[in-house]
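The report below takes up how the copies of a chain are related and how they meet. Please look at the structure before reading on.

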Protein chains: 4
Amino acid sequence: MGSDRLESFSDGVIAVIITLMAFELKAPATATWRGLTHLLPLLLVYMVSFTFVGIYWVNHHHLLRAAEHINAAVMWANLHLLFWLSLIPFATAWVGAQYGRPLPAASYGVVGLGAGLAYTLLGWMLLRANPHDTTLAQVVGRDVKGRVSTVLYLLSVPLAYVTPYLSYAVLVVIAVLWFIPDRRLEKSTSQV
Amino acid sequence: MGSDRLESFSDGVIAVIITLMAFELKAPATATWRGLTHLLPLLLVYMVSFTFVGIYWVNHHHLLRAAEHINAAVMWANLHLLFWLSLIPFATAWVGAQYGRPLPAASYGVVGLGAGLAYTLLGWMLLRANPHDTTLAQVVGRDVKGRVSTVLYLLSVPLAYVTPYLSYAVLVVIAVLWFIPDRRLEKSTSQV
Amino acid sequence: MGSDRLESFSDGVIAVIITLMAFELKAPATATWRGLTHLLPLLLVYMVSFTFVGIYWVNHHHLLRAAEHINAAVMWANLHLLFWLSLIPFATAWVGAQYGRPLPAASYGVVGLGAGLAYTLLGWMLLRANPHDTTLAQVVGRDVKGRVSTVLYLLSVPLAYVTPYLSYAVLVVIAVLWFIPDRRLEKSTSQV
Amino acid sequence: MGSDRLESFSDGVIAVIITLMAFELKAPATATWRGLTHLLPLLLVYMVSFTFVGIYWVNHHHLLRAAEHINAAVMWANLHLLFWLSLIPFATAWVGAQYGRPLPAASYGVVGLGAGLAYTLLGWMLLRANPHDTTLAQVVGRDVKGRVSTVLYLLSVPLAYVTPYLSYAVLVVIAVLWFIPDRRLEKSTSQV
């Protein structure tokens, strides 16, 4: 079996996740600026979450394209990653509603961490299924941004108990990290 | 007609089902551990349901790939399977909200049973459409895990009236059954 | 441009429509038979709607496969059909909640009628884009079941004001009509 | 990497957006004409939004097909466009609920403007990734309707503060603009 259907199924799940988050943005009960500014925190978290899911989509695609063989372990590792991604809308909605409190921010970090580890695990399972694939070995082995992101997600959890705004700063750093057009990194890491 | 569009349509439906279940996990009204632990039962059932839908996706894919010809009966049998799968989020939400009561647990078992029988029926319809396909005959004929699962789902229904926790134990057994890396089984049953 | 992306986009929309309807089946507040039987009307309408959307999916696929060329008019006619199909969940939820009243039943009939006419229009636009395609001309020209369904949907609207149950009987007739394994019809109409 | 997966992912997101909007059309609590007419404003806005998303789908498809190469910048520009499109259901629901007030109408215009600019940006990124592609240069360079729409969206924002109905008139003009079968324009602009 090729990676085609795995990709298209994952695309479907990610497309639903990324879109449904926007549906948490309920129309305000009043047609006032106050009603709109009330939504602002959720809109900001949504933008960050949209970016994260987008990053996963881009990298997921890159990772699977590099692999030739798919086995049951890869399929389960992929479902495991999708499971964590499917929790992002929950964390997004909670942070959007209670952005000043530590627990939602910490939960967001835990979900991000889970997704990061699941992505790493998927890479390992792909390597095990394709032991002689040097391209894949490079993609998985040099995923610097992925590792840094995972560490930052881990940091964001305790930081939420100092102040949740520190966690949010870390999340923004992660998002920005993936936008940096570092040509040297782009050649060696999992960029498209 | 090939099985391509049937697969991609089924993928789409399954992707929506698996993702929307997570949207039952509403952000707690308070940013407290108490609010989070309140969600724990639903999160646990969601994990089991996610696994079940994942199992169906993996096997569905395997089954359709084994078949060469598709006819109207196969299409309807496939829609019938998707119908039962589409009820899983309902059963999940109900068990998550009322996990201590027998009826939701029994309903979950009935939906699982319905999906299991629909999957078996789909296998038969595929065999009828591809009478000389020996690969398909093997996939359908040796689907041991599928038959055991169906029997276990059937058992989980009356067990819910002893105590729903017995039903949940059976559901976990079904999920674990599909993870066991039984090499011998993997060769003879519908594993990827 | 081929019909591939049109098909896959339509598949996506139809997959979301068919799946989201099930999400109207909210878990009852109590874990009792009474709570479950309260959902029965909605479950029954859902089954009928699932069947209708399934019928459209099967036929839509058949129609597009028969056509070679796609133009802007076909794209808009296709979106027009998807628009009507997207109203089916609304009509389903309304009938499920107020099944004893004429207006929801009549609305269901209007939505069904709109979808039926939109499907016919799509057939004509495809014929105009493929004037010398005899296979397509046969598929569109001999769509007996499609025409009968449209007339029946039209009938169901005034019948709802006699009693909504007459409308529901007509809807069931339409659904059954598409299941009849009439070999002769199957050769001459838009069956898979 | 080709544009295939970018297209299919975008299709998935757009399919979810276009379908979920219809789910804002909640079944009225009463089975009366009054209950139905209450939904009329939302239904009308939904039709306009459905048309807009449909227009983006058609043009997006055309734009990507014209391009040969895809890079990271194109992927991000595409996600940026999808982000704006994902806000359309929010704006639709708000206008549907508060159509007589300026702020929802202005918000709708801002979302439309954002999507229009994001689409233009995507065109530029595609041109940068495919500098010697004359077909693409023509599609992007002669996108008259796209530019006119963007200007009209921009106009609709201040007009909402004169009266929201002026904004709606402008939105209808935009929608109609894309239906006009101007043969000459069709050859030179981004029509299918």
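## Symmetry of the copies

In this predicted model, chain A can be laid on chain B by a turn of 90° and a shift of 0.0 Å along the axis, with an RMSD of 0.0 Å, where copies are superposed by least squares on the C-alpha atoms of residues with pLDDT of at least 70 in both. That relation is the one of a four-fold axis. The copies use different surfaces, since 12% of the contact residues of chain A recur in chain B.

Chain B is superposed on chain C by a rotation of 90° with 0.0 Å of shift along its axis, and the RMSD is 0.0 Å. Here too the copies use different surfaces, with 12% of the contact residues of chain B recurring in chain C.

## Conventions of the model

Residues are numbered from 1 along each chain as its sequence is written, and chains are lettered from A and ligands numbered from 1 in the order in which they are written. Because this is a predicted model, local features need pLDDT of at least 70 and side-chain atom pairs count only at pLDDT 80 or more, while totals for chains, interfaces and linings use all residues.

## Chain A against chain B

In this interface 25 residues of chain A are in contact with 25 residues of chain B, two residues being in contact if their C-beta atoms, placed from the backbone, lie within 7 Å. On the side of chain A that touches chain B, two or more residues come from each of helix 1 (4–20), helix 3 (72–86), helix 4 (88–97) and helix 5 (102–129) of chain A; helices (H or I, at least four residues) are DSSP runs numbered from the N terminus. Helix 1 of chain A gives the most to this side, with eight residues.

By class, the side of chain A that touches chain B has 18 nonpolar, five polar and two charged residues. Ala, Val, Leu, Ile, Met, Phe, Trp, Tyr, Cys and Pro count as nonpolar, Asp, Glu, Lys and Arg as charged, and the others, Gly among them, as polar.

## Chain B against chain C

This contact takes 25 residues from chain B and 25 residues from chain C. The largest share of the side of chain B that touches chain C, eight residues, comes from helix 1 of chain B.

## Helix 1 of chain A

Helix 1 of chain A is mostly covered, with 15 of its 17 residues buried (20 or more other C-beta atoms within 10 Å of the residue's own, C-beta atoms being placed from the backbone).

Key
A residue is buried if 20 or more other C-beta atoms lie within 10 Å of its own, exposed if 12 or fewer, and partly exposed in between; C-beta atoms are placed from the backbone.
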